[in-house]
Each structure stands twice: as C-alpha cells, then as structure tokens.
Amino acid sequence: MLAQEIIRTKRNGGTLSTAQIQSFVKGLTDESWSEGQVAALGMAVFLKGMNRDEAVALTLAMRDSGRVMHWPDMPGPVVDKHSTGGVGDKISLMLAPMVAACGGYVPMIAGRGLGHTGGTVDKLEAIPGYQTRPDAALFDATVRRLGCAIIGQTADLAPADKRFYATRDVTATVESVPLITASILSKKLAAGLQGLAMDVKYGSGAFCDSLGMARELAESIVAVGNGAGMKTRALITDMNEVLGLSAGNAVEVLEAVNYLRGLNVEPRQHEITLALCSQMLLLGGLARTETEARAKLQAALDSGAAAERFGQMVAALGGPTDLMEHPEKHLQLAPVKKPVPSPRAGVLAAQDTRAIGIAVIELGGGRRLASDAINHRVGFSAVRPLARLIDEFEPLAYVHAMDEASADRAIAAYQAACVIHERPEPATPLIAEVIG
C-alpha cells in the first residue's frame with residue numbers, strides 16, 4: 001500500500017482499515033516509511049482522531065511488531081497496573097509484591113521518567129546491582145518463582161511504538177488520546193497480560209491536567225483494552241499534590257520499603273495502592289468483592305509476605321539480599337540535607353505539583369535530555385500533605401542535594417510551589433471515578 005494514500009485517507013477524515021494500519025506499522029518497523037510520512041500520519045490522527053476499531057487495530061499491530069510474551073501453565077492470573085505518571089508515584093514498587101503475595105503474577109514492564117514525572121525504572125536503578133534489563137530467561141523464571149518482576153522495556157517489545165513515539169515527541173502530536181492508548185496498551189499486551197488496572201492521574205502534577213481529559217483517556221484505554229481481549233479497568237486519581245512522603249529516586253524506594261515493612265504509612269498513598277491492587281485481584285478472579293480483596297492485601301502486608309516478595313525479587317534481579325533489613329545501607333542519599341521552611345503560618349492549601357517535579361529534575365534527579373544520567377541520591381522527603389496547619393519556618397519537606405547552592409535553589413522552588421492560606425481549599429476526591 002502507498003504510504004501517501006493511507007495518510008490522505010486519514011487527512012480527509014476517513015477511517016483506516018485494519019490492512020492500512022498494519023501496513024503503516026510494518027513501515028514503522030522496517031523503516032519503509034520515512035520520518036516525514038510517519039509524522040504526517042501522526043498529525044492526521046492528532047487532528048482527525050480514530051474510532052475504537054482503528055485504535056484496537058493499531059494497538060494489536062504495534063503489539064505484534066515485536067516479541068509477545070506468553071505464560072503457559074501459570075497457576076494464577078497474569079495481571080498488571082500502569083500509571084500515566086505523577087510526582088512521588090512509587091505505587092508499582094509496593095503493588096507488585098502485594099498482588100504476588102495474594103496469588104497473582106505480575107510481569108511488570110515499567111518506564112523511565114517522562115517530563116516532570118518520575119519513572120519506576122529510574123527508581124529501581126537506585127538499588128545497587130538491580131538489573132532493570134535482565135535476559136528473558138531470568139525475567140520469566142523470576143515471575144514464575146516469586147510472582148513478580150519489575151523491569152524496563154526491552155528493544156524487542158513493541159518496537160513500532162518506540163519509533164512512533166519518538167516521532168510524535170518532536171512533532172507535537174503526543175497529546176492524542178487514541179495514540180496514547182495504543183502506545184500504552186501495545187506494550188502491556190506484549191507482556192501477555194490477562195488483566196490491567198489503569199491509574200489515570202489528573203491535576204497539577206499529571207499529564208492530564210483536567211478531570212475531563214483524564215476521563216476521555218480512561219474510557220479510551222478501557223474500551224480498547226477490552227476490545228483487544230484484555231480485561232481492563234481504570235481508576236481516575238488525584239495528582240494535585242505529591243503522592244506519599246517523597247519525590248526522587250532513592251528516597252522513594254526507601255519509602256516503598258518502609259511501607260511494605262509497615263513503617264510511616266501515608267494514608268492517601270495507602271488508599272490508592274489498595275484500590276489499584278484490589279482491582280487487579282478482582283480482574284484476576286482472586287477475590288469476589290473489593291472488601292475481600294482489601295482484606296487479603298492487608299493480610300499480605302501485616303504478615304510480612306509482601307515485604308518478603310519484594311526483597312526476594314530485588315535479590316533475584318541482582319540487588320542486595322538484605323535490602324529489607326538494612327535499606328539505609330544500600331539507598332544512599334545526597335550529602336546535603338536541609339529543611340524547606342514554610343515562609344508563613346497557615347494552612348498548606350495547594351501545590352504546583354509539576355513545579356516540584358521540575359525541582360527534582362533541577363537537582364539532578366531527572367533528565368533534561370534523554371541521554372542525561374540521573375543522580376539517584378537527590379530529592380525531597382518528609383513531604384507535608386495538603387490541608388495541614390503549619391507554623392512559620394516549620395518544614396514543608398526536606399531537600400537532599402549534592403551541594404548547598406543546589407539545595408538553596410530547590411528550597412526556593414519548593415516554597416514557590418506551595419500555597420499557604422488561612423483556610424484549606426476545597427478538597428478534590430482521591431479517587432474521582434472508576435471506569436469499566
């Protein structure tokens with residue numbers, strides 16, 4: 001098929017056939033489509049959209065552009081979770097071992113940081129020796145033996161998506177709901193999942209800055225995921241403040257380890273974690289009701305079974321064998337630690353959460369360019385949640401930096417991102433909607 005005719009069809013608002021979409025994806029993979037042609041079709045879809053059947057066809061074609069994992073003879077359901085990203089979002093680190101301790105199997109292919117949001121792979125690389133790109137045999141064996149393994153995307157999983165996304169990134173066509181949907185789901189389907197719980201975040205620290213945009217994306221992902229044969233459900237969750245007590249890499253892994261050990265459990269983060277895990281158990285048939293699912297998950301935490309799974313996963317993938325017993329020994333933080341003093345007394349009413357994510361990048365904890373190395377030791381800890389009374393000079397958080405100058409810049413940025421009033425702002429719901 002001629003690339004220009006496929007582009008013309010979509011440019012004119014037509015519906016692409018499955019054959020046309022498969023021809024496009026083949027052109028992505030074997031590079032018979034030029035960058036200009038890929039960009040042109042991306043812009044045509046951005047402007048004209050895709051219906052559900054087109055989005056399903058694109059998702060499946062990108063899934064099949066590389067290796068597709070299969071999990072024969074697995075004694076339990078193969079399920080996973082994906083988040084659209086946020087600041088302080090470390091839920092994957094707690095969720096995978098919790099679900100594994102309840103009988104699920106979680107082959108999680110995670111991502112790196114994107115923009116102001118942190119990435120699960122970057123966090124895991126704060127653990128000395130942890131292999132985020134093990135060979136296929138080790139990944140397979142770890143999932144089967146322990147019930148979970150969290151790794152980064154390999155080159156042979158949905159390679160068409162990798163090329164298409166790189167082109168979209170430099171042609172201002174990232175914010176297309178059908179293309180975002182196909183990008184996310186092609187990789188999850190390539191992991192051989194039976195069920196997916198989707199965390200679509202909205203608010204000042206999220207990719208979706210409005211509830212309406214989050215709802216559109218969640219509905220698209222659920223419809224296309226189910227249309228592609230994978231049970232899919234989405235939660236729309238609040239990202240108008242840092243999630244949990246930390247933002248960075250090593251600081252977030254340390255918080256996740258402590259959470260699994262029952263230490264310093266932050267209520268909002270705990271609730272979202274339980275909600276997403278519960279959906280995974282329900283999708284996998286491991287619980288009949290959400291109440292039953294939550295009871296199983298809490299038991300996995302209280303008994304230490306979830307913490308044990310995480311520790312075993314880390315050791316199996318090359319990390320230290322005593323991370324759960326001595327996390328501070330392995331998760332080293334930056335040498336300069338300073339409080340972020342509140343400039344006035346009052347109520348911490350709101351946060352520009354995106355600005356806090358940018359402050360982490362400025363410290364070195366994220367990337368300005370894709371080739372940048374990350375400093376895993378920097379970030380913010382002991383983050384104060386919204387709606388709390390706070391005294392003048394009381395810490396809003398603590399910054400971990402490599403030197404005094406960068407610490408002071410981060411303090412100023414964090415203070416500027418916080419709104420302190422005499423009374424709290426109206427609260428946004430923690431879980432706005434469940435789709436599917």
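**Cavity and pocket**

Modeller: A search of the whole structure, which is a predicted model, finds one cavity of 30 Å³ or more. The volume of the largest cavity is about 30 Å³. Its lining consists of Glu241, Val242, Gly244, Leu245, Glu266, Arg268, Val383, Arg384 and Pro385. Sorted by class, four residues of this lining are nonpolar, one is polar and four are charged.

Glu241 also takes part in the second largest pocket, where Glu241, Leu386, Pro426, Ala427 and Thr428 lie nearest the centre among 18 lining residues. This pocket holds about 320 Å³ of space. Strand 8, residues 346-351, gives the most to the lining of the second largest pocket, with four residues. By class, the lining of this pocket has eleven nonpolar, three polar and four charged residues.

For the packed parts of the model, take helix 10. Helix 10 covers residues 211-227, 17 residues in total. From first C-alpha to last, helix 10 reaches 24 Å, close to the 24 Å expected at 1.5 Å a residue. Its buried residues are Ala214, Leu217, Ala218, Ser220, Ile221, Val222, Val224 and Gly225. In an α-helix, residues three or four places apart point the same way because there are 3.6 residues a turn. After helix 10 comes glycine 229, with a positive phi near 95 degrees.

Methods: Residues numbered from 1 in each chain as written. Predicted model: local features only at pLDDT ≥ 70, side-chain atom pairs only at ≥ 80, totals over all residues. Heavy atoms only, no water. 1 Å grid on protein atoms, 1.4 Å probe; cavity = no way out; pocket = protein on both sides within 12 Å on 5 of 7 lines; lining within 4 Å. Points joined across faces, edges and corners; volume = space filled by probe spheres on them. Nonpolar A, V, L, I, M, F, W, Y, C, P; charged D, E, K, R; others polar. Helix = DSSP H or I, 4+ residues; strand = E, 2+ residues; numbered from the N terminus. Expected span 1.5 Å × (residues − 1). Buried < 20%, exposed > 50% of the residue type's maximum accessible area, 1.4 Å probe, protein only.
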